[in-house]
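Reader: I've got a model open and I'd like to learn how to read it feature by feature. Can we walk through it together?

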Amino acid sequence: MNLKEYMATPNKQIQLSDFSTHVKDKPDDSTLTDELIPDSVERLKELHWRLYAESKTGVVVVLQALDAGGKDEAISYIFSNLNAQGLKTNAFQKPSDTEKKHDYLWRMHNLLPERGQVGILNRSHYEEVIAPRIHDLLGDEVLPDEMDQEKVWEMRYRQINDYELYLKENGFEVIKFFFNVSKDKQRDRLLERLKDPKKNWEFSFSDVEERQYWDDYQNIFEEMITHTSTDVSPWYILPADDEWYSRYIISSVMIDVLERINPQYPTFSDEEQERIDEAIQTLENE
């Protein structure tokens, strides 16, 4: 697989229409579920254990999508297989009254992983350049009096890029996935949630209401990705109509990043090794 096919090239205007929501030339689902994904998950688990044991570097994984895009399922099928102690999962909710009293990135600190952990953000700080624009919520925020609201988004893109560079320079990789789902496929998944009693709990009436803003969302997503896909932290645009293939891409990107980090299990000093050898001998002679 050529992962660069799914990467939004930094410093280049992107159009979501250039990225297919469905891939024809791909492995069939049985091959993905029985062979490719299990193999990649095993490799990912090994790398994750090394990351956790070394505890020098952390990884932040950003999952952005419209409802029914496939974020929750990716967490269930890929990330839930990892060592729980080295995993931190957060769902990005509407800001609380306390959070509104701070800058918009303030609440990110409590959501970030520790060194040795992979942190999953089910939606993220990118909501702050999406929802306020769709629903004209910027007026609810406290901004400097001299701030031109038309320039707020350009400013936030720059701030987010600086923030992700800051994380990178402090030992935390940021990996970003956008689930590029088609309007028809989203409709089918929402209908499934409505018709299947076992999936009713996943449904929210706001999911249907938000579909009226479909074109607005697509335009904002394109602008957001164009301005925030950087060399430090590029966006990967997933063909989200293909659920299993998208999960395989996610696991492959995670493996690629962790192999570049190349975490290692800690080694013992000569003195520590002598004590270990003595402990082994003591136990074996019991």
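Predicted model: local features only at pLDDT ≥ 70, side-chain atom pairs only at ≥ 80, totals over all residues.

Reader: Okay, let's start with a charged residue. Where is Glu 127 found?

Author: Glu 127 is in the loop between strand E3 (118-122) and helix H4 (131-134).

Reader: Which side chain of opposite charge is nearest to Glu 127, and how far away is that one?

Author: That's Arg 123, 4.1 Å away. A salt bridge needs a side-chain nitrogen of Lys or Arg within 4 Å of a carboxyl oxygen of Asp or Glu. Glu 127 has no salt bridge, yet this residue is buried. Setting aside neighbours within four places in sequence, Glu 127 is in contact with Gln 64, Phe 92 and Pro 132.

Reader: Now the nonpolar part. What's the general idea?

Author: In soluble globular proteins, nonpolar side chains tend to be buried together. In this model the largest nonpolar core has 73 residues, and those touching the most other members are Val 61, Phe 79, Phe 177, Phe 179, Met 224, Ile 225 and Met 254. Helix H9 (residues 243-261) gives the most to this core, with nine residues.

Reader: Which residues does Val 61 touch, not counting those up to four places away in sequence?

Author: Among them are Phe 79, Val 118, Leu 121, Ile 175, Phe 177 and Met 254.

Reader: Last one: backbone angles. What should I look for?

Author: Most residues other than glycine have a negative phi. Two exceptions are worth a look. Asn 11 has a positive phi of about 65° and sits in the segment before helix H1 (29-54). Arg 123, in the loop between E3 and H4, has a phi near 70°.

Reader: Is Asn 11 buried or exposed? And what's the relative accessible area of Arg 123?

Author: Asn 11 is exposed, with a relative accessible area of 75%. Arg 123 is partly exposed, at 22%.

Terms used
Residues numbered from 1 in each chain as written. Heavy atoms only, no water. Helix = DSSP H or I, 4+ residues; strand = E, 2+ residues; numbered from the N terminus. Buried < 20%, exposed > 50% of the residue type's maximum accessible area, 1.4 Å probe, protein only. Lys, Arg positive; Asp, Glu negative; His and termini not counted. Contact = heavy atoms within 4.5 Å. Core = buried A, V, L, I, M, F, W, Y, C linked by side-chain atoms within 4.5 Å.
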